[in-house]
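Good morning. I will take one structure today, start with a term we need, and then go from a few residues out to the whole chain.

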Amino acid sequence: MRQATIEKPASVSGLGVHTGNITTVTFRPAAVNTGVRFRRVDIPDAPEIPARAANAVDTQRSTTIGNATSYIRTVEHLLASVQCLGLSNVLI
């Protein structure tokens, strides 16, 4: 199966939908078979959360994915864009 990532890192900043805080999201190239993963660089140990249906912890009004130590809220539109671009490996 053919896999794709991005050539170089890219960032976008703006107001968080639910928090109103200025937030920056950075997309980084990822190695083959990494998949789409989120890394929480704003908390200790920068935990990673794979973007998999099994990691969905809430789907009321938005999609939240998480694990035992952290979560990421409102990922559905971002993940739809990643899918539309045909990216199979990216670290967000």
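A residue is called exposed when its relative accessible area is over 50%, buried when that value is under 20%, and partly exposed in between. Keep in mind that what you see is a predicted model.

Take Asn 33. Its relative accessible area is 63%, so Asn 33 counts as exposed. You will find Asn 33 in the loop between strand E2 (22–29) and strand E3 (36–39). Its phi is near 70°, which is a positive value in a residue other than glycine.

Now Asn 89. Is Asn 89 buried or exposed? Its relative accessible area is 3%, and because buried means under 20%, Asn 89 is buried. Asn 89 also sits in a loop, the one between helix H1 (76–84) and strand E8 (90–91).

What does the side chain of Asn 89 reach? It reaches the backbone nitrogen of Thr 34, at 3.0 Å. A polar atom of the Asn 89 side chain also lies 3.4 Å from the backbone nitrogen of Asn 33. So the cut-off for a polar contact, within 3.5 Å, matters when you read these two distances.

If we set aside neighbours within four places in sequence, the residues in contact with Asn 89 include Gln 3, Ala 4 and Thr 5. Ala 30, Ala 31, Val 32 and Gly 35 are also among its contacts.

One further residue has a positive phi. For Ala 46 the value is near 40°, and Ala 46 is not a glycine either. Ala 46 is in the loop between E3 and strand E4 (48–50). With a relative accessibility of 26%, Ala 46 counts as partly exposed.

Now the whole chain. Read from the N terminus, the order is β-β-β-β-β-β-β-α-β.

How does the radius of gyration fit? For 92 residues, a compact globule would have a value near 12 Å, and the protein chain has 13 Å, which agrees. Along the principal axes, the C-alpha atoms fill a box of roughly 35 × 30 × 30 Å.

Of the 92 residues, 27% count as buried. The chain exposes about 6500 Å², and carbon and sulfur atoms supply 54% of that area. Among contacts between residues at least 6 apart in sequence, 42% join residues at least 24 apart.

Last, charge. There are 9 positive and 6 negative side chains, and the centres of the two sets lie 4 Å apart.

That is the end of my part.

Conventions. Residues numbered from 1 in each chain as written. Predicted model: local features only at pLDDT ≥ 70, side-chain atom pairs only at ≥ 80, totals over all residues. Heavy atoms only, no water. Helix = DSSP H or I, 4+ residues; strand = E, 2+ residues; numbered from the N terminus. Rg over C-alpha atoms; globule rule 2.2 N^0.38 Å. Buried < 20%, exposed > 50% of the residue type's maximum accessible area, 1.4 Å probe, protein only. Contact = heavy atoms within 4.5 Å. Areas by Shrake-Rupley, 256 points an atom, 1.4 Å probe, with all protein chains shown as cover. Lys, Arg positive; Asp, Glu negative; His and termini not counted. Charge placed at Lys NZ, Arg CZ, Asp CG, Glu CD. Polar contact = N/O pair within 3.5 Å; in protein donor to acceptor, adjacent residues only side chain to side chain.
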